[in-house]
Amino acid sequence: MSEDEALTMHLQELRRGTVVLASLQLLRRPGYGYGLLEDLGRHGFAVDANTLYPLLRRLEKQGYLASEWNTDEARPRKFYRTSPAGSSLAEALIADWRSLTSAIESLTQEH
């Protein structure tokens, strides 16, 4: 494995959980998958549709997202929103993120 491939792999691992948190935060206001994909991109979270849609289904199955179908338009769309359990999870993830950020900053200040 080349250095570039290794870096790419590690960056993917590092970013994987951030997409969950970002999705839970953005879906505090109801949104559909494609709109969320665009919002994530605007906020600097490069994610592929083939990654996002299974993630949304998994978070819904786990109870962190709720959904409903909007059939008012010609093409029905599934809208998601963060559930109360999802809001609690997001708050816990944010607290841990802040703790990790502080720990990493302390490591970089030592060197």
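**Exercise 1. At what angle do the axes of helix α2 (residues 33-42) and α3 cross, and within what distance do they come?**

The model is predicted; local features require pLDDT of at least 70, side-chain atom pairs count only at pLDDT 80 or more, and totals for chains, interfaces and linings use all residues. Residues are numbered from 1 along each chain as its sequence is written, and side-chain values use heavy atoms, with hydrogens and water left out.

Step 1. Two packed helices are described by the angle between their axes and the distance between the axes. Helices (H or I, at least four residues) and strands (E, at least two) are DSSP runs numbered from the N terminus. Axes are lines fitted to C-alpha atoms, for helices over the stretch in contact, and angles run from 0 to 180 degrees between N-to-C directions.

Step 2. The axes of α2 and α3 cross at roughly 120° and come within 10 Å. That makes α2 oblique to α3; angles under 35 degrees count as roughly parallel, over 145 as roughly antiparallel, 65 to 115 as roughly perpendicular and the rest as oblique.

Step 3. The crossing of α2 and α3 is right-handed. A crossing is left-handed if the near helix is turned anticlockwise from the far one by less than a right angle, and right-handed if clockwise.

Step 4. On the α2 side, the contact (heavy atoms within 4.5 Å) is made by Gly33, Tyr34, Leu36, Leu37 and Leu40. On the α3 side stand Ala49, Leu52, Tyr53 and Leu56. By class, the contact of α2 with α3 has 8 nonpolar, 1 polar and no charged residues. Here Ala, Val, Leu, Ile, Met, Phe, Trp, Tyr, Cys and Pro count as nonpolar, Asp, Glu, Lys and Arg as charged, and the others, Gly among them, as polar.

**Exercise 2. Determine how α1 packs against α4 and against α2.**

Step 1. The axes of α1 and α4 lie 9 Å apart, at an angle of about 130°. That makes α1 oblique to α4, and the crossing is left-handed.

Step 2. From α1, Thr18, Val20, Leu21, Leu24 and Gln25 meet Gly86, Leu89, Ala90, Leu93, Ile94 and Trp97 of α4. The contact of α1 with α4 divides into 8 nonpolar, 3 polar and no charged residues.

Step 3. For α1 and α2, the axes come within 11 Å and cross at roughly 115°. These two helices are therefore roughly perpendicular to each other, and their crossing is right-handed.

Step 4. Val19, Ala22, Ser23 and Leu26 of α1 meet Leu36, Asp39 and Leu40 of α2. This contact of α1 with α2 comprises 5 nonpolar, 1 polar and 1 charged residues.

**Exercise 3. Which element gives the largest share of the lining of the largest pocket, and which gives the largest share for the second largest pocket?**

Step 1. On a 1 Å grid over the protein atoms alone, a pocket is an open set of points where a 1.4 Å probe fits, with protein on both sides within 12 Å along at least five of seven lines; lining residues have an atom within 4 Å of a point. Grid points are joined across faces, edges and corners, and a volume is the space filled by probe spheres set on the points.

Step 2. The largest pocket holds about 410 Å³ of space. Its lining has 16 residues, of which Gln12, Arg15, Arg16, Val19 and Ala46 lie nearest the centre. α1 (3-26) and α3 (49-61) each supply at least two of the lining residues, and the largest share, 8 residues, comes from α1. By class, the lining of the largest pocket has 7 nonpolar, 5 polar and 4 charged residues.

Step 3. The second largest pocket has a volume of about 240 Å³. Its lining includes Leu14, Phe45, Asp96 and Leu100. The elements giving two or more residues to this lining are α1 and α4 (84-109). Again α1 provides the largest share, 6 residues. The lining of the second largest pocket divides into 8 nonpolar, 2 polar and 1 charged.
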